[in-house]
Amino acid sequence: MYNISRKNVTFETIDKCDHKEISWNSAFSSNDKNVDNGKALLFQGKSNESLVFVHGLGHRNFEYLKYYPINLSKSGYTTMMLVLPYHLDRMPQNENISFLSGTASDIEKRFYQSVVDTLTCVDYLENLGMKKIHIMGFSFGGMISTISLALDKRIDKGILVVTGGNFEYITWKSIATKVLRIRYEDEDSCNIERCHELHKKFDISARSFSCIEDLENLPSCFRYDPSLFAKDLNPNKILMFSAIFDPFIPQKSSKDLWNKINKPKRYKLPSGHMTSHLWFKKFILNKTLEFVNYNQL
């Protein structure tokens with residue numbers, strides 16, 4: 001699961017013109033050598049604080065989201081931008097397999113590997129001697145960041161951008177998960193009525209969840225739901241941005257995560273999902289810097 005040992009992970013570094021490329025063998029194996037070749041871009045700052053940046057689902061967003069690591073490093077924060085499993089250089093040898101392909105159990109394992117690799121980045125930054133390590137996640141990366149924050153108290157503050165929780169809303173209302181809905185219906189493995197019935201127990205599970213061992217007694221789709229982990233986050237150390245016209249992260253999903261974290265500071269952007277970055281990237285960056293610079297605790 002999420003707590004697989006990372007103690008034997010070793011890192012290799014390649015110097016690039018404006019960053020370093022860090023690679024390692026993922027501690028959580030997918031049994032595909034491409035996927036398991038962990039990779040991150042390191043943008044070095046001049047302070048002793050750092051940040052892990054986790055991008056969203058899909059290949060197209062990686063390049064434009066470099067805006068945040070590049071500018072955070074210019075502001076002093078050494079920033080490590082993880083390449084998630086099943087993305088870019090980490091695509092599997094079978095090109096028909098994506099992060100959302102297969103069964104709920106397959107997706108569950110991909111969440112495990114994503115979180116394990118995120119915490120491996122935390123290990124790397126800690127080994128660099130960073131005194132504080134924060135995390136910032138965009139969209140799907142915000143889900144991975146939420147789970148990572150709950151599991152690893154070395155991470156100080158979290159910035160969650162256009163993200164959410166509760167997979168009942170995400171699976172059946174988001175345009176990003178259409179492929180899941182079609183497959184579930186074709187295979188008759190799930191439908192909106194069965195999902196709704198199952199999720200009647202979700203809020204109770206989220207309130208009672210207390211340790212990783214509890215996951216064994218929960219349905220597969222609960223085990224990677226960020227809202228399940230949300231109550232373990234300190235709302236004073238979380239900053240959220242949501243998009244009012246977001247077709248990828250439904251409003252109910254964003255609100256569910258916000259409520260379960262106990263209503264941290266949140267900015268509601270008058271934008272869609274993609275346009276939140278296009279129109280408000282400077283605003284998001286500036287508010288993020290204000291937040292990590294402010295010693296409120």
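## Basis of the report

A polar contact is a pair of N or O atoms within 3.5 Å; within protein, one atom must be able to donate a hydrogen and the other to accept it, and residues adjacent in sequence count only if both atoms are side-chain atoms. The model is predicted: local features need pLDDT of at least 70, side-chain atom pairs count only at pLDDT 80 or more, and totals for chains, interfaces and linings use all residues. Residues are numbered from 1 along each chain as its sequence is written, and side-chain values use heavy atoms, with hydrogens and water left out.

## Ser227

Ser227 lies in helix α9 (residues 226–229); helices (H or I, at least four residues) and strands (E, at least two) are DSSP runs numbered from the N terminus. Ser227 counts as buried because its relative accessibility is 1%, where buried means under 20% relative accessible area, exposed over 50% and partly exposed in between (1.4 Å probe, protein chains only).

The side chain of Ser227 makes a polar contact with the side chain of Asp256 at 2.6 Å. It also reaches the backbone nitrogen of Asn166, at 3.4 Å. Leaving aside residues up to four places away in sequence, Ser227 touches Gly165, Asn166, Phe202, Ala206, Asp256, Leu257 and Lys260 (contact means heavy atoms within 4.5 Å).

In strand β5 (residues 78–83), 6 of 6 residues are buried. Thr78, Met80 and Leu82 point one way from β5, while Thr79, Met81 and Val83 point the other way.

Two strands pair if DSSP finds at least two bridges between them. Strand β3 (residues 37–43) runs antiparallel to β5 and is joined to it by 5 bridges, with Phe43 opposite Thr79. Strand β4 (residues 49–54) pairs with β5 in the parallel sense, over 5 bridges, and here Val54 stands opposite Leu82.

## Strands β8 and β9

Strands β8 (residues 238–243) and β9 (residues 265–269) are parallel, with 5 bridges. From β8 the chain passes through helix α10 (residues 251–260) to β9 in a right-handed β-α-β crossover; right-handed means that, with the strands pointing away from the viewer, the path from the first strand over the helix to the second runs clockwise. Met240 stands opposite Arg266 in β9.

## Helices at the largest pocket

Helices that each supply at least two residues of the lining of the largest pocket include α3 (104–127), α4 (140–151) and α11 (273–293).
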